[in-house]
There are 2 protein chains.
Amino acid sequence: MTSTDCARVSTSEPAELRLGLVADLYELTMAASYHRLGMQGRATFSLFVRKLPAHRSFLVAAGLDGALARLERLGFDDEGAAYLASTGHVRPEEAAVLARTRFTGDVRAVREGRVVFPDEPLVEVDAPIVEAQLAESLILNALHYPTLVATKAARCVAAARGRPLVDFGLRRAPGIDASADVARSCWLAGFASTSNVDAARRLGIPASGTVAHAFIEAMPDERAAFEAWSRAAVGPLTLLVDTYDTLNGTRAAIELAQRLRGEGRAVAAVRLDSGDLDALSRAVRQRLDEAGLRYVRIFASGGLDEYSVDRLVRAGAPIDGFGVGTRVGMSSDAPVLDMAYKLVEYAGAPCLKLSTSKVTLVGPKQVWRLRDAGGRFIADRIAARDEPAPTSGDWEPLLEPVVSQGRRLERPRLAELRAAHAAEIACLPPELRAIEPDAAGAAAIYPVSLSSVLAERHRAAVRATRRREGLEPRPADGRATVRRS
Amino acid sequence: MTSTDCARVSTSEPAELRLGLVADLYELTMAASYHRLGMQGRATFSLFVRKLPAHRSFLVAAGLDGALARLERLGFDDEGAAYLASTGHVRPEEAAVLARTRFTGDVRAVREGRVVFPDEPLVEVDAPIVEAQLAESLILNALHYPTLVATKAARCVAAARGRPLVDFGLRRAPGIDASADVARSCWLAGFASTSNVDAARRLGIPASGTVAHAFIEAMPDERAAFEAWSRAAVGPLTLLVDTYDTLNGTRAAIELAQRLRGEGRAVAAVRLDSGDLDALSRAVRQRLDEAGLRYVRIFASGGLDEYSVDRLVRAGAPIDGFGVGTRVGMSSDAPVLDMAYKLVEYAGAPCLKLSTSKVTLVGPKQVWRLRDAGGRFIADRIAARDEPAPTSGDWEPLLEPVVSQGRRLERPRLAELRAAHAAEIACLPPELRAIEPDAAGAAAIYPVSLSSVLAERHRAAVRATRRREGLEPRPADGRATVRRS
């Protein structure tokens, strides 16, 4: 266990706290029914995203560390069992059995920070069906939000093209734990720091901050406020210049910076938080430069996301760093992933649903990624898990064992995951990193295909299922569902 | 303290756990600077939403109970102080002072479940500026998400027009605590139950559930699955009919229902989770009715929100209840509120910022709501707190004391808040409850005005601030910023 990663889980979820009731009621009633029906077979569930939101060309997997910590906490105490029985949906003796259930299965997963695409399993759980079923809501809940945010954050990093980004998400994140997820996902994706002190501490990442309007407003006037801040603040000095009028504030900042320079002290930056950031940053830069303050950087914030950062950077606005928060913390242009956790095999037999727009690919899987000679990603292939590695080319498997017989295997450090993520993003086809969709309004699509073995097994399972259920054969039965390639 | 409301706070945040480091770093550096500068004056901060998202005509206030619980947990322990000092942004002796800071101020707030509008304070904090500043991120974080979700949930309830709604949000909610916030906000807004067992238990609200596709898929075939479910499940029997083909599944459900009826047992409902819910629900209803199963209800789920529920209900689809989850839990059509916590008075002097699009109304406030003879809301007026109540009409003040000298006053029970919310929604002008915007694409706007006293104080403060900061007078200085009336 690394000291950085596990600290936050243990803070928010004490080790003695079991999480087995953090479940949709039907998980518990189904698990009780599997027991009653004597179903002790092993199941495989695949966790994947059915399709990408508009304006997304890839996803960044995140949340696995938290998900696996939760898996270790299935089950609940006697009061929990009594509560469950009191709902009238589970018999008392079955509630007691569920309360004692622990996770004894295996998990294979894609490392956090890796880029994934639709239909590719991020996680596969192999376990007695009761355990795998009880874990559904916990695992989905652990992966959905961090993946959503890491994906958005990676886009912000791409848009900033090397300029540092600071996570400002705490105040409008959906809760305290979520704010730590935001800080972690943003750090994973390459942010430089977070303003969230508790999260920085828990995760062992840098905290940073400037000053807010309240400080300026509480002083007799803006000059007095800058002066007071320069005397009181420790660490790099940033002045917030937009409380009343950005150019006026900049004038006051310049006077102070020149005076402080005389005392051998530097103003590190000014922060712009409102208005036309492109025009204002140019005007502020010009005034700073004319005053001989080329070393004073310009930091911008205020409702920013990858679109506004991209526009500012492409326009050449002289902004040296960005604070982003609210829109990343709610992934505001794409706040939902169609992420599902679906049974794909039970007791050795393939399982699938045929529901409209929700067909599941059968069986345990592996995802293979092909690189060119320069290491650049060319295409992915979703294969059956028991297939041999593809030949002819440099193929890498994405799913690796992370839990064996209920025990977690070695946990990667967050710093490693972050570095690997940066390397991975650099290998993506560049069009996938585009922020704006193309002229036709579409996001770039990465080629993902099914192996012929998996495709044939899937077709066979669809045909067998339709035959078994007395359904007409369909023209669609003859082809697999993944159509990108 | 009620047993229902406080249980969840105490579960996720043990009483001994201080939350003072759950702050943006600048709150702590500013607070340290106020100390150093000897600023012990009292500040008033207003928490409000600057403007409504498109497609919203009102907000439902929520999250106050959690916010006030957090206020009681300002400060941090010695390790926290050491960490803070280690960032280099706060001196060790100041970190120690901040660690010992507790909230001793007063809070006035709008009750949870009440309808509020832009610029209306949901919360006003009056406290020594250090304390009020340290609370900023904690309070905003506590209010933003529950208010967002309660607002979305209230729209779903309006759309369902009396049909029961079940919260299915757990699996894609942004974390475990967030999933409890979703359950609570949905219950406050009038949902019938939640699938989230842990949240139901913490909040003392009904849990409900059906059955998932995995159960069907793990069985030899769908008929066998229904049969097994009917034998194993306790409580009301719901059959999920869309795993392979909805009408085929309905046939199997009908056969089972008829057989069970012979044994004196009822199938309570069938659940549709995919496809064209309007057409399918009609076809399923017809088949059920023809089979003499009028008592079997139809429950629908699958990516629903207020828009799809509204369309289904208006089209007359024979659906008796809805499960909604993902889109409510991320408020997917409007995932962000422009909610802010701004200094409006320090040491008796009005404070404001003039930043573009972010002007703050000065001073402590009260919000007054006018009702007609039938109790229907006519208009709101934002006034200075020290103004007398408006005369001529039935005006009710929205902000009431909830914390006095750091001590919480009586906490309303969640059940009371829920009942009051339902009564309040019934008093809204009906056009505000519309789900779809009008023909011009606009959401209905409720009239909110400023009192002439507040408007004049605000104008005077703007003029004085601009004069003080050496800014040109502006034509806009002559009018107040709230323009709805």
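Modeller: The account below concerns one sheet of chain B and the helix lying across it. This is a predicted model, in which local features need pLDDT of at least 70, side-chain atom pairs count only at pLDDT 80 or more, and totals for chains, interfaces and linings use all residues. Residues are numbered from 1 along each chain as its sequence is written, while chains are lettered from A and ligands numbered from 1 in the order in which they are written.

The sheet is open and has 4 strands of chain B in the order 16-14-15-19, with mixed pairing. Strands here are DSSP runs of E with at least two residues, and helices are runs of H or I with at least four residues, both numbered from the N terminus; two strands pair if DSSP finds at least two bridges between them. Strand 16 (394-397) and strand 19 (448-450) of chain B each have a single partner strand, so one side of each is left without a neighbour in the sheet. From one strand to the next, the twist averages 25°.

Strand 14 (residues 365-371) and strand 15 (residues 377-384) of chain B are joined by 7 bridges in the antiparallel sense. Opposite B:Lys365 stands B:Ala384, in strand 15 of chain B.

Helix 17 (residues 452-468) of chain B lies across strand 14, strand 15 and strand 19 of chain B, contact meaning C-beta atoms, placed from the backbone, within 7 Å. This helix runs at about 45° to strand 15 of chain B, where axes are lines fitted to C-alpha atoms, for helices over the stretch in contact, and angles run from 0 to 180 degrees between N-to-C directions.

Conventions: Contact = placed C-beta atoms within 7 Å.
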